[in-house]
Amino acid sequence: MNRMALAMLVGGAASLSALLYVGGAWQAAGGTELRSVRVAPAPETTIGINLFTLHWYNRQQAFANMIAQSEWFQSRGEGWSPMPAGQLDALGWVKQLEPGQSATRLLVMPAAPFRPVEVRCTFLGTGQLEADGVVEVTGRGPHSLDLKLSPTGQENEMAWIELTRTDPRDPVRDIDCRKAGTPASVRFDPEFVNFVSGFGVLRFMDWQRTNDNLRLTWSQRALPQTSSQSGPAGASVEDMVDLANTVHADAWFTLPFHADEAYVRSFAQLVHQRLDPGSRVYVELGNEVWNDMFDATKDAEREGLARGLGEGNATRAAMERYAERVTETMRIWTQVFADRPGALVRVAATQNANAGLARMILGFRDTADWVDALATAPYVWMDMDAYHAGDTDRVFAAMPAAIEKSLDMAGEQREIAAQYGKRYITYEAGQHLVTPDMALARAVQRDPRMGQAYARYLTEWRDRFGDTMMLYASTAPISEYGSWGLREYGGQPIAEAPKYQAVHRFLEASH
C-alpha cells in the first residue's frame, strides 16, 4: 500500500510517522489504543452459505442426535403446548411430570433417499419413553428405545418420542436418538457435513436466533450438552466453531444487538481459543439493524433518539446508534484477536438499496476505524404480485434485468466502502422471489432456468466484485414466506435442485 492510500485509511487521525506496522496491522506508536488499520488483501471470490434455522420442520438433519433440533412440548391428552420452563433443569431436561402429563420431542427426519431407518435412543435416568408418528417401537431396554422410522418425504409428516414417566429423584436425561450404528462420538450428520463442505464461509445468524433480539447473558448461552440446540439461546458456540473446523470453512457470527461487554468478550475468547488458527472469523453485530421489521432496529432507533443522535431524524439516529454499538463490539474483538488480526473480519452491514445508510454508519465518529468490510444483501428481487401461476416464462424473462439492478446497487455500496478503504462483501445473497401463489413458487424454484439465473448471478459477482458472497440459505422447503433453500430437503437429488446444482458447479470450477 502506498503512503497516500494509507493516509486515506487513517483519515488524518495520525501522521504516517506516528504509525507502526505490528503483527500484520497498523497501529499508533506510543502505546495508544489498537485500531488495526489494515492493508486489505486483494479480493478473491469466496462463496459462503447461511445455515438455515435449526428446527425439525426445515427437513435438514444437522446433528446426529435427531432430537437436538426440537424442544419439549407437554400434553395432557389433547393437543400440545410448550413445556413449562419450571419443569426443565438448567440443561433443558424434564425434571418431573405432573399426573396425566407427558412430554414430547420431535425427531428431525433423516436425509433422502426416504426409506425405513433403524434408530436407537439411549438415555440416563429412570422412566419410560414411547414413540409415535411415522415411527414404531421395535425394542426397549432399561436405558434404550429402538425405533423404526419410516419417512416418505411428505412435507407435514412427523415422528416423536414421548416421555410418559420419569423419576424426579433420577429423571430421564441425556436422551440421544441416532441412526443405528452411528458412533456416539459423531456430532454432526454426515450428509449435512458433506453438503456444507466446499463453502468457504458459514454464517450462523439463524443458528444463533439473532433476529429474536433476546437479552441473554453469557451464563444463559447454550452449551453442547444442552438438550436443544434450537432453543431461545440458539446453538452452542462450541458446535458452530466445531462445524466450521470440520469442513475447513471460516465462521461468521452475528452477535446479539444487546450483548453486554462480558458476553461479547467471552464469545470472542471462546472463538479465539477454539477456531482453527488458519481460519478467519467474520463478526457482525445484529442482523439488518436497518430493517424495521426486526425489533433490534426499533430498539436502535429508540436508543439513538434518547441519546440525542441523528439530529432528531429517526433513521439517522438508528444508524448512528448501530454504529456506536458496532464500535463497542469490535473494540473487544480487536483486543482479543490482537495476536492474529488477519484472522478477524469486522463487518458493518446495511441495506443494498439505500447507499445513504452506509455513509451514515461509516461516517459516524471513528466507526470506520473498527470495521474491515461493508456488507449488504444484493438479492435478486421482483414484485411477484405482478405474476401468477402460468407466468413462469415472464418471470425468467425479467430475471436478467433484476440481476443487473441488484448488482448495480451493490456497485454503489462498493464505491462507498472503497472511499473508506474497506472491503465490500455480502452477508446474504440469492433470489428473493416471495409469493403466496404456491403453484407459481414451485414452478419458478424448480425450473432449470433458475439454475441458469444463479450461474449468471455468481459469474457476474465474480467478474465485477470478486470477494465474499454469502448465499441465503442452505436447506428449507418452498413456502409462502419465501423459498430460501438451495435445496428443499436434506439429500434432495442435485438434478432436482437447480439453485444448488448451479452453485455446486461454480464451486467445483473455482477449485
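A few conventions: helices (H or I, at least four residues) and strands (E, at least two) are DSSP runs, numbered from the N terminus. Angles run from 0 to 180 degrees between N-to-C directions, with axes as lines fitted to C-alpha atoms, for helices over the stretch in contact.

This is a predicted model, where local features need pLDDT of at least 70 and side-chain atom pairs count only at pLDDT 80 or more, while totals for chains, interfaces and linings use all residues. Residues are numbered from 1 along each chain as its sequence is written, and side-chain values use heavy atoms, leaving out hydrogens and water.

Ile49, for instance, has Leu471 in strand 21 as its bridge partner.

Where does Ser279 sit? In the loop between helix 5 (261-274) and strand 15. Ser279 is buried, at 9% relative accessible area; buried means under 20% with a 1.4 Å probe, protein chains only. Beyond its neighbours within four places in sequence, Ser279 is in contact (heavy atoms within 4.5 Å) with Ala249, Asp250 and Ala343.

Helix 8, residues 355-362, is another enclosed piece: six of its eight residues are buried, so the rest of the structure largely encloses it. Leu357 and Ile361 are among those buried residues. The cover over them includes helix 7, strand 16, strand 17 (373-376) and helix 9.

Which brings me to helix 9, residues 392-419. Its axis and that of helix 11, residues 448-464, come within 11 Å and cross at roughly 20°. That makes helix 9 roughly parallel to helix 11, a label for angles under 35 degrees. Among the residues that meet there are Phe396 and Ile403 from helix 9, and Tyr457 and Trp461 from helix 11.

That's my tour, thanks, and I'm happy to chat!

How values were computed
Two strands pair if DSSP finds at least two bridges between them. Angles under 35 degrees count as roughly parallel, over 145 as roughly antiparallel, 65 to 115 as roughly perpendicular and the rest as oblique. Buried means under 20% relative accessible area, exposed over 50%, partly exposed in between (1.4 Å probe, protein chains only).
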